[in-house]
Amino acid sequence: MDGEKIKRLEEKAREIRRHIIRMTGAAGSGHPGGSLSSADIVTALYFEVMRIDPQNPRWPGRDRFVLSKGHAAPVLYAALAERGFFPVEELLSLRRLGSPLQGHPDMKKLPGVELSTGSLGQGLSAANGMALAARLDGRDYRVYVLLGDGEIQEGMVWEAAMAAAHYRLDNVTAFLDYNGLQIDGPVGRVMSVEPVAEKWRAFGWDVQVIDGHNMEEILQAVEKARAVRGQPQMIVAETVKGKGVSFMENMVEWHGVAPKPDEVERALAELA
């Protein structure tokens, strides 16, 4: 794979992480931990994989991205801004009164947001609907979904998983941000979701397990997923909560706590 492309994407992911720190720091609230863990996945999708047009956000032929774990809105906002959907300067308005950059994504307020999310467990069902619409309309776009590992404790996720396999929605590719931590603690202690890969396979999905911070593995997994016929695809991405900032990594406390000014400076220095 093109080494220069990988380097470019890795640097873009670092910039996305810097935005996440600045945004949540300026807002004094937000969810940095799960935003940082999914930054490499979102970067790969928005800057290499997906067919999108920032100048025409509602283009019917575009690929769709559904952030099912809607509390990780900062990573989506940073990617949309860097991709040109709105000015980067607006990122610092996160969670301010009247800002379109709400605590959870709002499809009616911000260009590029495909679905208003935040109530966990609903994103995959809506993605299935988008994929079925593509079939009915004779279009070849793909739908990408990002789920949280705590989120898949929701029963609705498994109804959607069953439906996607039943309807052979091979234009649906889901990523699981498998960082092992949710707001109440380790996923395995709150409610174990293991064996993750085997469960999705049992529901009829094609499954890959990758390092969610290895850009080359992410891109290769997407290419393999695109070649699958007759099955939806799940890419289980093993990640680190708070990835890229040493004092945030693997710390459940950073699920929904914003960095203070001195912590912002420390984090940005590490991400320089």
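**Reading the labels on this model**

User: Where does Ile-152 lie?

Analyst: Ile-152 lies in the loop between β2 (143-148) and α6 (155-166). Helices and strands here are DSSP runs numbered from the N terminus (helices H or I, at least four residues; strands E, at least two). Do keep in mind that this is a predicted model: local features need pLDDT of at least 70 and side-chain atom pairs pLDDT 80 or more, while totals for chains, interfaces and linings use all residues. Residues are numbered from 1 along each chain as its sequence is written, and side-chain values use heavy atoms, with hydrogens and water left out.

User: Why does Ile-152 count as buried?

Analyst: Its relative accessibility is 2%. Buried means under 20% relative accessible area, exposed means over 50%, and partly exposed is in between (1.4 Å probe, protein chains only). The value of 2% is under the 20% cut-off, so Ile-152 is buried. Leaving aside neighbours within four places in sequence, its contacts (heavy atoms within 4.5 Å) are Leu-147, Val-157, Trp-158, Leu-176, Val-193 and Trp-200.

User: What makes α3 and α4 roughly parallel?

Analyst: Helix α3 (residues 39-49) and helix α4 (residues 73-83) pack at about 30 degrees, with axes 10 Å apart. Axes are lines fitted to C-alpha atoms, for helices over the stretch in contact, and angles run from 0 to 180 degrees between N-to-C directions. Under 35 degrees counts as roughly parallel, over 145 as roughly antiparallel, 65 to 115 as roughly perpendicular, and the rest as oblique. The pair is therefore roughly parallel.

User: How do you know that Lys-12 and Glu-82 form a salt bridge?

Analyst: Their closest N and O atoms are 2.8 Å apart. A salt bridge needs a side-chain nitrogen of Lys or Arg within 4 Å of a carboxyl oxygen of Asp or Glu, so this pair qualifies. Lys-12 is in helix α1 (residues 3-27) and Glu-82 in helix α4, so the bridge ties together parts 70 residues apart in sequence.

User: What makes Glu-114 and Arg-58 a salt bridge?

Analyst: The N to O distance is 3.8 Å, which is within the limit, so the pair counts. Glu-114 sits in the loop between α4 and α5 (123-137) and Arg-58 in the loop between α3 and β1 (64-67), 56 residues apart. Glu-114 is buried, with a relative accessible area of 8%.
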